[in-house]
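Good morning, colleagues. Please take a moment to look at the sequence and the structure on the screen, and I shall then walk you through them.

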Amino acid sequence: MIPTRLLASATALLATACVRAADPLSLLDAPLTPSSKQVSHASGPEGLTLTIAPGNEGYPGVTLAPAQPWNLAAYGHVEAHVRNLGAKPVSVNLRIDNDG
């Protein structure tokens with residue numbers, strides 16, 4: 001089985017201003033933690049490449065967790081530009097959690 005590879009561009013995962021004027025905020029600067037040994041990652045000039053190897057984990061992925069929580073109140077949405085570098089279709093999910 002071939003590993004799944006995804007590329008998130010360096011400026012892609014960012015919060016974007018919608019109602020209030022706020023500069024775009026890149027979220028890819030936060031420390032990244034793979035969910036298991038199935039997941040590997042590498043940063044490069046085009047962005048972040050994730051490789052998901054075949055295995056038993058139900059939802060392999062990564063967690064971005066900054067030292068200080070992001071305050072995204074001034075932003076209307078969070079977006080990610082994702083490109084599948086593999087030959088097979090993949091499903092991609094983005095979830096934002098609030099500590100509160």
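Strands β5 and β6 run antiparallel and are joined by six bridges. Strands here are DSSP runs of E with at least two residues, helices are runs of H or I with at least four residues, and both are numbered from the N terminus. Two strands are said to pair if DSSP finds at least two bridges between them. β5 and β6 form a hairpin, with two residues between them. Within this pair, A42 stands opposite T49 of β6, and V39 has I52 in β6 as its bridge partner.

Before I continue, a word on the basis of these values. This is a predicted model, in which local features need pLDDT of at least 70 and side-chain atom pairs count only at pLDDT 80 or more, while totals for chains, interfaces and linings use all residues. Residues are numbered from 1 along each chain as its sequence is written, and side-chain values use heavy atoms, with hydrogens and water left out.

How covered is β6? Six of its six residues are buried, and the strand is mostly covered. By buried I mean under 20% relative accessible area; exposed means over 50%, and partly exposed lies in between, with a 1.4 Å probe and protein chains only.

The protein chain has nine strands and zero helices, and from the N terminus on its elements run β-β-β-β-β-β-β-β-β. The chain has 100 residues, of which 22% count as buried. It exposes about 7200 Å², and carbon and sulfur atoms supply 54% of that area; accessible areas come from the Shrake-Rupley method with a 1.4 Å probe, and for residues only the protein chains shown count as cover. Among contacts between residues at least 6 apart in sequence, 67% join residues at least 24 apart, where contact means heavy atoms within 4.5 Å.

Is Q38 buried or exposed? Q38 counts as buried because its relative accessible area is 14%. Which backbone nitrogen does the side chain of Q38 reach at 3.3 Å? It is that of N56. Leaving aside neighbours within four places in sequence, Q38 is in contact with residues including T51, I52, P54 and P60.

The other residue is K37, which also lies in the loop between β4 and β5. K37 counts as exposed, because its relative accessibility is 87%. The C-alpha atoms of K37 and G55 are separated by 9.2 Å, and these residues are 18 apart along the chain.

Now to the charged pairs. The structure holds two salt bridges, a salt bridge being a side-chain nitrogen of Lys or Arg within 4 Å of a carboxyl oxygen of Asp or Glu. In one of them R83 pairs with E46, and the closest N and O atoms are 3.0 Å apart. This pair links distant parts of the chain: R83 is in strand β9, E46 is in the loop between β5 (39-44) and β6 (47-52), and 37 residues separate them. R83 is partly exposed at 43% relative accessibility, whereas E46 is exposed at 53%. The other joins D97 to R95, with the closest N and O atoms 2.9 Å apart. D97 is exposed at 56% relative accessibility, and R95 is exposed at 66%.

Finally, the surface. V82, V90 and V92 form a nonpolar patch with about 200 Å² of accessible area together. Patches are made of residues with over 30% relative accessible area and no salt bridge; like charges are joined within 9 Å, and nonpolar side chains (Val, Leu, Ile, Met, Phe, Trp, Tyr) within 5 Å. V90 lies in the segment after β9 (82-84), and V90 is partly exposed because its relative accessible area is 32%.

Conventions
A polar contact is a pair of N or O atoms within 3.5 Å; within protein, one must be able to donate a hydrogen and the other to accept it, and residues adjacent in sequence count only if both atoms are side-chain atoms.
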